[in-house]
Amino acid sequence: MNPDTRDKLLVEWENLPQASVGLEELSALPRRIDADPERVERGLAQLVLTLVELLRQLMERQAVRRVDHGHLTEDEIERLGLAFMKLDERMDELKREFGLEDADLNLDLGPLGRLVD
Amino acid sequence: MTSTAPSDELQARRELARQVTLVELLDRILDKGVVISGEITLAVADIDLVEVGLRALIASVDRLERLRPETTDV
Amino acid sequence: MLHLYAIVEQRAQCTGVGLDGEELIAIDCGDVVAVASEHARPLDAPPVEDALWEHEGVLEALLETGPVLPVRFGVRFADCGALRVEVQSNCARLAKALADVRGRVEVSLRLLARDDAPHMVDELDAMDGPGAKYILERLGERRDAERKLEAVRTRLSPLAVAERSRLLPRPGTSATAAFLVERHLLERFRREADELERELEDVTLVCTGPWPPYNFVDEPVGATV
């Protein structure tokens, strides 16, 4: 194996990216869902919430695109925004309930994962 | 003798370089659909049904999204 | 069980070892050749980082000897027969794809947002409900990302054969772009990207490569055991 394979940086960047980028989270390998029978409920929640989160992101992107194209009335924009805000809050609650972090929901579910990411 | 500060930064840069390169690798090398078909093994009965259902769901959403591609060609 | 790495043009390209130190095997499939390795025991799932780099290492070694269609990690077949059936049925498309990437490599650009400043849009002046603010903030973020991506494309697309990009793949990343670049232009491309990185104030460019042309070929082979 080419020993340089892991070092593929072509350009040195001048300023270190901010910590908020969260590269450790990005570079986490796919996680096995918790298979312990006693924690099946948490594993299922992880699966379901990941799907919901991906769909939420997909829909939010669609909504933003439609606002961009000028296809929505002010009222529709306000209502959509509130709905997404509520969904966002609800997701946070559910994550807390099941003790899940954002990184736990980073399952990358096939082509959909590619769309959102 | 070099001071520790510059070499700490060098370490940090190297670590960051390693992480970003890994991110780019993962983005390319993993067909996440393949991963999911093998990896989600909950210790309950009928898990194959869940897997199959998930793939069908993903495929149908993917088909929907393909109608409005975001990628562009030069 | 066969673990598949890539589709190439010639048997001769296929030398060395792959995962778990297993010999690489060349399997003729009509006009193209599949590169695989044989494994008695199932491979780790999920894959560990080292295994992914080993797989990538095989691809990059192949890339030195001719065009390569990279297959993603985890595509497996029960035996040569099954593999051949799958690949041969696609062989015309694969041969064409190989010709399309001959002498070319992929370079990746990732645009990382440099600041957390809220993004403004004109529309926000007229609407001040909390829902509108939420959506319009995201719209501002999107337009900002578009602008940054456009700056990169304007500068680098002239040096590339093709380009694929994606906006806001995740928080913190404004955009990712993959460029298909002629090998002999790689160094020029790198210099241009380097200059651009120094010039751009509101975004950090992460440029990596050369990669096998993952983003410029349709999934070569998709079957799993």
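Two strands pair if DSSP finds at least two bridges between them. Strands (E, at least two residues) and helices (H or I, at least four) are DSSP runs, numbered from the N terminus. The model is predicted: local features need pLDDT of at least 70, side-chain atom pairs count only at pLDDT 80 or more, and totals for chains, interfaces and linings use all residues. Residues are numbered from 1 along each chain as its sequence is written, while chains are lettered from A and ligands numbered from 1 in the order in which they are written.

**Exercise 1.** Find how E6(C) pairs with E8(C) and with E9(C).

Solution.
- Take E6 (residues 104–113) and E8 (residues 173–182) of chain C: they pair in the antiparallel sense over nine bridges.
- Pick Glu106(C): its bridge partner in E8(C) is Leu180(C).
- Turn to E9(C): E6(C) pairs with E9(C) in the antiparallel sense over seven bridges.
- Pick Ser108(C): its bridge partner in E9(C) is Thr208(C).

**Exercise 2.** State the strand order of the open sheet in chain C, then name the strands at its edges.

Solution.
- The four strands run in the order E7-E8-E6-E9, with antiparallel pairing.
- E7 (162–170) and E9 (203–211) of chain C each have a single partner strand, so one side of each lacks a neighbour in the sheet.

**Exercise 3.** Is E9(C) largely enclosed or left open by the rest of the structure?

Solution.
- A residue is buried if 20 or more other C-beta atoms lie within 10 Å of its own, exposed if 12 or fewer, and partly exposed in between; C-beta atoms are placed from the backbone.
- Eight of the nine residues of E9(C) are buried, so E9(C) is largely enclosed.
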